[in-house]
Amino acid sequence: MVCTCTEFAERYNFAAGPAMLPAEVLTQIREEIPDWRGSGSSILEQPFTSAAFKGLMEEVEADLRTLLSIPRSYRVLFLQGGASVQFGLLPLNLLHPGQSADYLESGHWARRAISEARRHARVNVIASAAAQSFTALPSFEQWRSSPDAGYCHITSNETGNGLQLRDFPQLAVPLVADMTSDFLTRPIPVERFGLIYASAQKNLGIAGLCVVIVHQNLLRRPPRHLPAAFSYAVQAEQQSRFNTPPTFALYVAGLMLRWIRQNGGLPAMDEAAQRRSRELYRYIDTSRIYRCRQHPPDRSAINVCFRLIEPGLTDTFVQQAAQHGLYNLHGHAVEGGIRASLYNAMPQAGVRRLIAFMTAFEHAHG
């Protein structure tokens with residue numbers, strides 16, 4: 001039976017990343033592409049050494065510091081590549097000889113980070129959600145740190161498993177966090193972390209840029225075998241311009257930061273994220289054909305992962321959703337199922353349109 005929901009006219013992108021951008025930001029990009037700030041050339045052609053582009057980088061950093069209340073003792077780096085690049089660079093930059101690294105195994109991306117770190121250092125898994133099939137997070141009381149650890153790594157939000165850490169502990173070693181998918185969706189206590197890193201393509205614009213916020217005490221002379229461009233200390237010394245930074249991605253990040261600021265800052269982003277996810281989870285939990293396996297206290301407010309009771313309907317669901325303007329709802333390639341990514345640019349109307357489609361689909365197939 002085919003679901004016929006003709007009222008669905010608008011389009012909403014639920015992709016895990018690159019993610020939906022606000023219409024206002026897309027409009028400004030289109031308008032400014034030919035002539036950026038009256039320079040006579042496109043932002044795509046701007047030399048990264050020009051005074052104008054250096055000024056843009058300073059604006060982006062200032063806005064980021066204001067939104068996150070970043071203390072002066074932290075350096076902000078704008079690096080090429082995604083968060084996966086940092087998986088290998090963290091132990092190379094942060095560990096001293098003889099040190100190991102602690103990791104919380106919370107889901108798919110934490111496992112990827114652990115696998116890469118093990119190529120360069122001894123890794124201690126302090127706690128794992130594997131026994132719960134990554135449907136719930138270990139409590140802080142279950143963490144078992146190692147005495148020789150140089151840092152403790154967490155993944156604040158698991159995009160593939162739909163889990164999110166609500167709080168962050170104060171540890172004896174620097175806390176390091178991959179915050180790619182929930183970066184800038186809520187206020188965070190930056191002072192509890194030694195280092196935070198996040199790719200930009202979720203809430204900060206487009207792919208190609210990775211932001212690293214690192215306490216100045218963790219910047220050290222790079223090991224001889226580490227290329228200078230991959231050294232946090234070298235990049236901090238060179239204001240993220242040791243090599244050409246991702247110029248266009250930085251420009252879009254500046255527009256996104258301004259959009260967040262103009263729309264109420266991180267408290268407003270947090271409130272909107274909670275409202276969107278709460279409404280969707282409430283519907284899933286009362287439906288007859290959808291199930292969310294994630295433990296309610298650990299459910300992500302950003303990536304809502306769920307399944308159909310009849311798995312054979314999954315492809316039909318995704319295809320019909322796309323026909324009604326609801327795109328990229330397939331789950332992670334490893335995890336399967338359905339995933340609705342609700343980043344900052346997703347309006348409440350998008351969630352309500354999704355629920356309306358899900359309701360019609362349930363009537364047709366329930």
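Predicted model: local features only at pLDDT ≥ 70, side-chain atom pairs only at ≥ 80, totals over all residues.
Two strands pair if DSSP finds at least two bridges between them. Helices (H or I, at least four residues) and strands (E, at least two) are DSSP runs, numbered from the N terminus. Residues are numbered from 1 along each chain as its sequence is written, and side-chain values use heavy atoms, with hydrogens and water left out.

**Sheet**

- An open sheet of seven strands runs in the order β2-β10-β9-β8-β5-β3-β4, with mixed pairing.
- The edge positions are taken by β2 (74-80) and β4 (123-128), each with a single partner strand, so one side of each has no neighbour in the sheet.
- On average, neighbouring strands of this sheet are turned by 20° against each other, direction ignored; axes are lines fitted to C-alpha atoms, for helices over the stretch in contact, and angles run from 0 to 180 degrees between N-to-C directions.
- Strands of a sheet pair through backbone hydrogen bonds, either parallel or antiparallel.
- β2 and β10 run antiparallel and are joined by seven bridges, and phenylalanine 78 has valine 211 of β10 as a bridge partner.
- Five bridges join β9 to β10 (residues 209-215), also in antiparallel fashion.
- Across that pair, leucine 195 has valine 214 as its bridge partner in β10, and alanine 198 has valine 211.
- β8 (residues 175-178) runs parallel to β9, with three bridges between them; alanine 177 is partnered by isoleucine 196 of β9.

- All five residues of β9 (residues 195-199) are buried, so the strand is largely enclosed by the rest of the structure; buried means under 20% relative accessible area, exposed over 50%, and partly exposed in between (1.4 Å probe, protein chains only).
- In a regular strand the side chains alternate between the two faces of the sheet.
- On one side of β9 the buried residues are Leu195, Tyr197 and Ser199, and on the other Ile196 and Ala198.
- Seven of the seven residues of β10 are buried.
- Leu209, Val211, Ile213 and His215 point one way from β10, and Cys210, Val212 and Val214 point the other way.

**Nonpolar cores**

- A nonpolar core is a set of buried Ala, Val, Leu, Ile, Met, Phe, Trp, Tyr and Cys residues joined through side-chain atoms within 4.5 Å.
- The largest core has 54 residues, and those with the most contacts inside it are Leu64, Leu68, Phe183 and Ile213.
- Helix α6 (residues 247-262) gives the most to this core, with 10 residues.
- A second, separate core has 30 residues, including Tyr12, Leu308, Ile355 and Met358.
- Leucine 64 is in contact (heavy atoms within 4.5 Å) with Ile70, Val76, Phe78, Phe183, Leu184, Val211 and Leu257, not counting residues up to four places away in sequence.

**Helices**

- Helix α2 (residues 51-68) lies across β2 and β10, at about 125° to β2.
- Helix α9 (residues 348-365) has 18 residues and should span 26 Å at 1.5 Å a residue, which agrees with the 26 Å between its end C-alpha atoms; the expected span is 1.5 Å times one less than the number of residues.
- Among the buried residues of α9 are Val351, Leu354, Ile355, Met358 and Phe361, as well as Arg353 and Glu362.

**Serine 156**

- Serine 156 lies in the loop between β5 (149-155) and β6 (157-158) and, at 1% relative accessibility, counts as buried.
- Its side chain makes a polar contact of 2.6 Å with that of aspartate 182; a polar contact is a pair of N or O atoms within 3.5 Å, and within protein one must be able to donate a hydrogen and the other to accept it, with residues adjacent in sequence counting only if both atoms are side-chain atoms.
- Leaving aside neighbours within four places in sequence, serine 156 also touches residues including Leu163, Phe168, Asp178 and Arg186.

**Tyrosine 281**

- Tyrosine 281 is part of helix α7 (residues 265-286) and counts as buried at 8% relative accessibility.
- Leaving out residues up to four places away in sequence, tyrosine 281 touches Gly162, Cys292, Arg299, Ser300, Asn303 and Val304.
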